[in-house]
Amino acid sequence: MKSGEAPAPDKPMRSGFTTGACAAATAKGAAQLLLTGIAPQQAVISLPAGFDHAFELIEQRLDGMSASCATIKDGGDDPDATHQAKIVATVSWREEAGIELDGGIGVGRVTKPGLPVPVGEAAINPVPRRMITEAVSQVLEEHGAARGVRVVISVPAGEEIAKKTLNSRLGIIGGISILGTRGVVVPFSTSAYRASVVQAISVASASGCEEIVLTTGGSSEKYAMQMYSYLPEEAFIQMGDFVGFAVKHGKRLNMKKIILVGMPGKLSKVAQGVMMVHSKSASVDFGFLAGIARDAGASPELADAVAAANTASQVADLMTEAQCLKFFELLCGCACRHCLEHAEGGITVEMVLVTMKGQVLGKAVISG
């Protein structure tokens, strides 16, 4: 692989770069400007993904004892709120040896335990911290600098961008996090989403939560917050399609009860035993749903209609119209048992099935 080339994603989509990689590049550029007085047009850094990349630098400024550079984050084809954000690094001299790192405008500050950064510090994650420090150290060593420097990472639009994220719930206040473990953003990266789920459960655990509410998206979370209003905000976690993953990590982080709230399309798959409910991972088994309908006392005609349905929502409408509400209780019970089995027991699982408008169709609670 040539220097500056991102690895090709599995699909014909363009990979991009993390905020951490951008911060390291701008910090290196600003350090070069401070030491040489020459404004660099690029900064080449080594990424944890295993290759070098040259980042284009803009807005190079030298002002006495400090220098700054910026770059525009290119997230590739990943639907990231930070795509096209300006990442700025300012490097200034300090009398003490070594490198001091902090966050400026638009970089959040950690206010809750459970994150990989201590409370009170700028929300710059461990791998980006290491990347920034290594990039600046390289410049200082090349020029034989005896003094230390202070590096401040800023994101001018960071506070506004953070409103599109769950940062405030995680206790990251005032801006975005500087993230990334590989330096590269793979479009629609499942690993990034899984990492955010683990982070959210970690914050809930550190906040003293012993039960969490997992939802598949924003609408189901809104209804869940109304149903479980006694729980703190940290207890509500959007797991997306990663049901099994979230349940296992909930148990690993000592949750005693895990509540899942969602709609028929995805939770009916959990009842089948499917723990990754993306539409491409598994389809709804209408034969299975017809069997549940028969167990709930549905007529042969109704069970046949369920078997011939096109969507899980259609099945929910059929069962609601027929007033066969036991169907939903049985469905939730199946889902609870599969979650318990997936987590290898030791927890209580509650399942609540809701409509698109938030009406509760059925629920079940099983301990094991």
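Predicted model: local features only at pLDDT ≥ 70, side-chain atom pairs only at ≥ 80, totals over all residues.
Let's start with the strands. Five of them make an open, mixed sheet, and the order runs S4-S5-S6-S10-S7. Strand S4 (58-63) and strand S7 (99-103) sit at the edges, each pairing on one side only. Going from one strand to the next, the twist averages 15°.

S4 and S5 are antiparallel and share four bridges. They make a hairpin with two residues between them, and Gly 64 in that turn has a positive phi of about 65°. On the other pairing, S5 (residues 66-72) runs antiparallel to S6 (residues 86-94), with seven bridges joining the two.

Ala 70 is a handy residue for getting your bearings in S5. Ile 58 stands opposite Ala 70, and the bridge partner of Ala 70 in S6 is Val 88. Next along, Thr 71 has Ile 87 as its bridge partner in S6. S5 is also mostly covered, with six of its seven residues buried.

**Helices on the sheet**

Helix H1 (residues 19-36) lies across S4, S5, S6 and strand S10 (148-154), at about 40° to S6. Helix H2 (residues 126-142) packs on the sheet as well, touching S7 and S10, and its direction makes about 135° with that of S7.

**Salt bridges**

A search of the whole structure turns up 15 salt bridges. Here are three of them, with their N to O distances:

| Arg 150 | Asp 102 | 3.6 Å |

What does the Asp 102 and Arg 150 pair tie together? Asp 102 is in strand S7 and Arg 150 in strand S10, so the pair connects parts that are 48 residues apart in sequence. Asp 102 has 19% relative accessibility, so it counts as buried, while Arg 150 is partly exposed at 28%. This pair also belongs to a network: salt bridges with shared partners join Arg 94, Glu 96, Glu 100, Asp 102, Arg 109 and Arg 150.

Glu 350 is buried, with a relative accessible area of 5%.

Note on methods:
Residues numbered from 1 in each chain as written. Heavy atoms only, no water. Pairing = 2+ DSSP bridges. Axes fitted to C-alpha atoms, helices over the stretch in contact; angles between N-to-C directions. Contact = heavy atoms within 4.5 Å. Buried < 20%, exposed > 50% of the residue type's maximum accessible area, 1.4 Å probe, protein only. Salt bridge = Lys/Arg side-chain N within 4 Å of Asp/Glu carboxyl O.
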